[in-house]
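Here is a briefing to read with the model open beside you. Take it one topic at a time and look up each residue as you go.

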Amino acid sequence: MNTQTLEPIIRGHPFFDGVNPALIGLIVGCARNARFEEGHILFREGDPADSFYLIRDGRVAVEAMIPQRGYTTVQTINAGEVVGWSWLLPPFKWHYDARVIKPVRAVVFDGKCLREQCEKNHDLGYEMLKRISQVIAGRLEATRLQLLDVYGANA
Amino acid sequence: MAPMLETVPTAAVQPEPMLPELFRVQRLRQDSHDTFAIELVPLNPAFPMAFVPGQFVMAWVMGVGEAPFTLSHDPAETGHWELSTRVVGNVTRALRQLKEGDIVGLRGPLGTGWPLEQAVGRDVVLVAGGVGMSQLWPALCVLMRQRKNYERVSLVYGARTPEDLLYYTQLRQWKEAGLLELYCTVDRATRAWKGHVGVLSTLIPRLPCDSASALAMVCGPEVMTRFALYELGARGLAPEQIYIYLQRNMQCGIGLCGHCQLGPFFVCTHGPVFRYDRVQSLLTKPEV
């Protein structure tokens with residue numbers, strides 16, 4: 001798929017809801033369309049964080065490897081959501097593994113390209129930062145709730 | 001000004017509400033690693049077994065004490081009552097140690113039930129967390145049995161792990177039969193689990209429902225309930241469209257002792273099922 005047809009797909013994703021189309025025009029060149037089969041590893045802990053995924057379909061598990069327990073899924077990410085913010089924040093390394101558990105259709109951005117565009121155009125940078133912050137805040141809130149162990153016997 | 005108090009609907013008014021009726025343990029069932037169900041039949045075959053989904057009983061284990069338990073079986077099964085719980089204190093520990101044929105005392109059914117009649121002709125959203133699922137189960141059984149009376153029926157159900165999900169086989173069957181929109185999520189899972197992992201409230205925006213007319217019923221730990229209420233509000237449901245199940249220290253069960261008082265309400269008689277707008281202002285207060 002060429003970049004001209006990717007633009008409406010990006011604009012239609014909830015993450016970019018309401019963004020000035022001119023700003024999307026700046027980053028569409030960083031994007032590619034992709035499909036991933038069940039079991040595909042999007043990235044592994046410690047690898048360079050060089051991608052940002054807009055999930056259009058399917059489900060991704062964010063996993064942590066716990067010695068003597070194996071892989072534990074700490075979160076799943078579904079259609080309409082995004083995977084990864086480490087591409088935006090130093091040291092640009094993934095902190096978890098991400099594995100496809102239901103076949104995924106996604107728009108994948110090159111993280112380095114996105115960073116460069118954000119540096120060049122601070123309107124774009126601010127817009128991306130606001131939206132990524134919302135994602136991070138939502139996940140922080142969710143993590144706090146999980147830490148409360150609300151379903152435990154003493155909840 | 002104190003909210004108006006509602007008339008308390010009950011399935012049957014017991015002439016002696018403080019006098020337990022004797023029941024025999026018919027069956028014990030382990031539903032998960034820490035949750036069990038106990039099936040009870042009355043010694044008096046004429047005892048009226050009807051109840052409204054959501055109502056509770058006070059269960060008395062002789063020599064140990066009494067505690068409240070929501071009736072957790074399909075009301076169409078009229079031959080027995082079932083209590084589903086996990087070991088959290090002296091009474092539940094004693095219940096777990098009972099054997100078939102042992103005798104316990106029950107008072108009830110007590111309190112208010114889920115608003116199934118108001119839900120007729122509307123989308124219904126059920127939100128359940130942990131063992132709160134067993135408190136919604138009788139209502140869900142009625143919804144499934146009388147499915148044509150309701151529009152879309154959705155259940156968002158959260159638990160610690162996939163192994164903690166109660167009634168999961170039956171829930172999947174209803175989903176596969178197209179009767180129920182099912183969204184299960186857990187706090188953590190191994191790779192064998194292909195469903196959602198994360199907090200329950202994040203699934204509420206995905207629910208297929210007409211926000212203007214849907215009716216929601218929420219039951220689970222109170223912290224979970226609060227976050228589910230925020231999301232249901234963001235989804236466009238007004239507090240008048242939401243019913244919640246509150247748990248407090250219920251002792252007499254008939255609104256006399258005051259242990260379960262919440263502002264102007266006694267949870268045992270005006271609840272445990274409340275319309276959200278009536279208790280909204282009380283939920284986040286550390287003391288009332």
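On a 1 Å grid over the protein atoms alone, a cavity is a set of points where a 1.4 Å probe fits but cannot get out, while a pocket is an open set with protein on both sides within 12 Å along at least five of seven lines; lining residues have an atom within 4 Å of a point. With that in hand, look at the largest cavity: A:Tyr151 lines it together with residues of chain B, including B:Ser32, B:His33, B:Asp34 and B:Arg86.

Some ground rules come with this. This is a predicted model, in which local features need pLDDT of at least 70 and side-chain atom pairs count only at pLDDT 80 or more, while totals for chains, interfaces and linings use all residues. Residues are numbered from 1 along each chain as its sequence is written, chains are lettered from A and ligands numbered from 1 in the order in which they are written, and side-chain values use heavy atoms, with hydrogens and water left out.

**Empty space**

- Rolling a probe the size of a water molecule over the atoms shows where empty space is left.

**Where the two chains meet**

- How many residues of chain A are in contact with chain B? There are 27, and they touch 25 residues of chain B (contact means heavy atoms within 4.5 Å).
- The two chains bury about 2300 Å² between them, 52% of it on carbon and sulfur atoms; buried area is the accessible area (1.4 Å probe) that two parts lose on being put together, summed over both.
- On the chain A side, A:Leu145, A:Gln146 and A:Tyr151 lose the most area to chain B, together 31% of what that side buries.
- The rule finds 10 residue pairs in polar contact across this interface, both at pLDDT 80 or more. A polar contact is a pair of N or O atoms within 3.5 Å; within protein, one must be able to donate a hydrogen and the other to accept it, and residues adjacent in sequence count only if both atoms are side-chain atoms.
- β4(A) supplies the largest share of the side of chain A that touches chain B, 7 residues.
- That side has 11 nonpolar, 7 polar and 9 charged residues.

**Salt bridges**

- Over all chains there are 20 salt bridges (a side-chain nitrogen of Lys or Arg within 4 Å of a carboxyl oxygen of Asp or Glu), and the count between chain A and chain B is 4.
- A:Glu81 pairs with B:Arg206, the closest N and O atoms being 3.8 Å apart.
- A:Glu38 forms a salt bridge with B:Lys194, with the closest N and O atoms 3.5 Å apart.

- Most residues other than glycine have a negative phi, and most peptide bonds are trans.
- A:Gln68 has a positive phi of about 70° although it is not a glycine, and A:Gln68 sits in the loop between β3 and β4 of chain A.
- A cis peptide bond joins A:Pro90 and A:Pro91, with omega about 10°.
- Another cis peptide bond joins B:Gly108 and B:Pro109, with omega about 5°; B:Pro109 lies in strand β6 of chain B.

Note on methods:
Helices (H or I, at least four residues) and strands (E, at least two) are DSSP runs, numbered from the N terminus. Ala, Val, Leu, Ile, Met, Phe, Trp, Tyr, Cys and Pro count as nonpolar, Asp, Glu, Lys and Arg as charged, and the others, Gly among them, as polar.
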